[in-house]
Amino acid sequence: MHTQAPENTRVIVGMSGGVDSSVAAARLLDAGYQVEGLFMKNWDEDDGTEYCTARDDLLDAMQVAGVLGIELHTANFATEYWDRVFEHFLAEYRAGRTPNPDILCNKEIKFRAFLDHALTLGADYIATGHYARVEHGAQVDHSGEHARLLRAVDDNKDQTYFLHAVGADKFARTLFPLGDLEKPEVRRLAGDRGFANHKKKDSTGICFIGERRFKDFLETYLPAQPGDIEDDAGHRIGRHDGLMYYTLGQRQGLGIGGLADAGDAPWYVAGKDLDRNALIAVQGQDHPLLYRDELTSGPVDWIAGAPPALPARLTAKTRYRQPDQACRVEDAGAGRVRVVFDQPQRAVTPGQSVVFYDADTCLGGAVIEETR
């Protein structure tokens, strides 16, 4: 974030009603930017349902805007969310994979639909409450608009994993006012400003859909197909409720117990056989079938618009908050890459994303297609 705003620079902040975006707006205002807020509704549902917090979130955003003395716009991107994010989300589950909708939500909604709307309102920049940093003017592409995505100062909250699919041209129009702060300081600043949401708990639900019981939610859109749970030798050891409800490495909710000669070690999901609708489980958290040495990705979203020189020694994450893993990244054709890890990785999951780093710089990432 610029320490002091260029004169007459207009920023529209995506204000969710949460503490992070509220403090982001306050910091920009303190730095001299002309700040306005925009509250997005992206899921059409009766505001009276137990899972829909949109009305309360809007009231929180309005309270903060009132304290700051800024205008708060509203916009409904529910159609864009359904078409660009949710349909893909369902298709991935139908294919037996485990998608991460927050990544596509950032790419298609927050840094496309919201950005486009903000520009029509006359914004020079958008801003969000993400924990990340952007370096403007870095020579990373050839589009004329340059920006580099960097990790946040707070390693525990860094959200670059979820931002890797956004291009440098979008980051060139983006400010991340919280990138140099740690979360406790953000809450303190919110309390000092008199924001009613300063103790509001962080959202952990699906992007824009909320914190509902996931199994019940998914059943509304995809019919469940129960089947057998098998061990690594092909023996039937239980029943599953539908492959879409399980993720690789999962321990809870398998309902396996009391098997003769099996011992007391817990069972973990190690694979899915879509053709036979079978869930494969193994015993012990260090079972070899839970580990993979390499993966092949789908087409990579390189933030700079082009890959670094490949092959390259980089670090990667295959899930949020995972410590960086050393790896070799090779060209696999058609925009895809092959990633060979120095150490075997546990529960690498097709449908999730692998994200690449060079020191503090997030280079981009891709959906995991296959593992070996």
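# Close-up views of a predicted model

**Arg236 is exposed, at 54% relative accessibility, and pairs with Asp228 in a salt bridge.** Exposed means over 50% relative accessible area, buried means under 20%, and partly exposed lies in between (1.4 Å probe, protein chains only). A salt bridge places a side-chain nitrogen of Lys or Arg within 4 Å of a carboxyl oxygen of Asp or Glu. In this pair, the closest N and O atoms are 3.0 Å apart. Asp228 is partly exposed, with a relative accessible area of 24%.

This is a predicted model, in which local features need pLDDT of at least 70 and side-chain atom pairs count only at pLDDT 80 or more, whereas totals for chains, interfaces and linings use all residues. Residues are numbered from 1 along each chain as its sequence is written, and side-chain values use heavy atoms, with hydrogens and water left out.

**Four strands form an open sheet in the order E9-E8-E11-E10.** Strands (E, at least two residues) and helices (H or I, at least four) are DSSP runs, numbered from the N terminus. Two strands pair if DSSP finds at least two bridges between them, and the pairing in this sheet is mixed. Strand E9 (236–240) and strand E10 (267–273) form the edges, each pairing on one side only. On average, neighbouring strands of the sheet are turned by 35° against each other, direction ignored; the axes are lines fitted to C-alpha atoms, for helices over the stretch in contact, and angles run from 0 to 180 degrees between N-to-C directions. Strand E8 (residues 227–230) and E9 run antiparallel and are joined by four bridges. Gly227 stands opposite His240 in E9.

**A salt bridge joins Arg276 to Glu230, linking distant parts of the chain.** The closest N and O atoms of Arg276 and Glu230 are 2.8 Å apart. Arg276 lies in the loop between E10 and strand E11 (278–283), whereas Glu230 belongs to strand E8, 46 residues apart. Glu230 is buried at 10% relative accessible area, and Arg276 is partly exposed at 48%.

Glu108 is buried, with a relative accessible area of 13%, and Arg112 is partly exposed at 35%. The whole structure contains 31 salt bridges. Elsewhere, Glu294, Arg328, Glu330, Arg338, Glu370 and Arg372 are linked in a salt-bridge network.

**Phe114 is among the residues with the most contacts inside the largest nonpolar core, which has 56 residues.** A nonpolar core is a set of buried Ala, Val, Leu, Ile, Met, Phe, Trp, Tyr and Cys residues joined through side-chain atoms within 4.5 Å. Leu149, Phe171, Phe176 and Leu218 complete the group with the most contacts. Helix H4 gives the most to this core, with nine residues. A second, separate core of 29 residues includes Ala31, Phe39, Leu68 and Tyr131.

**Asp20 is buried, with a relative accessible area of 15%, in helix H1 (residues 19–30).** Its side chain makes a polar contact with the side chain of Lys183 at 3.0 Å. Such a contact is a pair of N or O atoms within 3.5 Å; within protein, one must be able to donate a hydrogen and the other to accept it, and residues adjacent in sequence count only if both atoms are side-chain atoms. Leaving out residues up to four places away in sequence, Asp20 touches Gly129, Tyr131, Leu178, Lys183 and Val186, where contact means heavy atoms within 4.5 Å.
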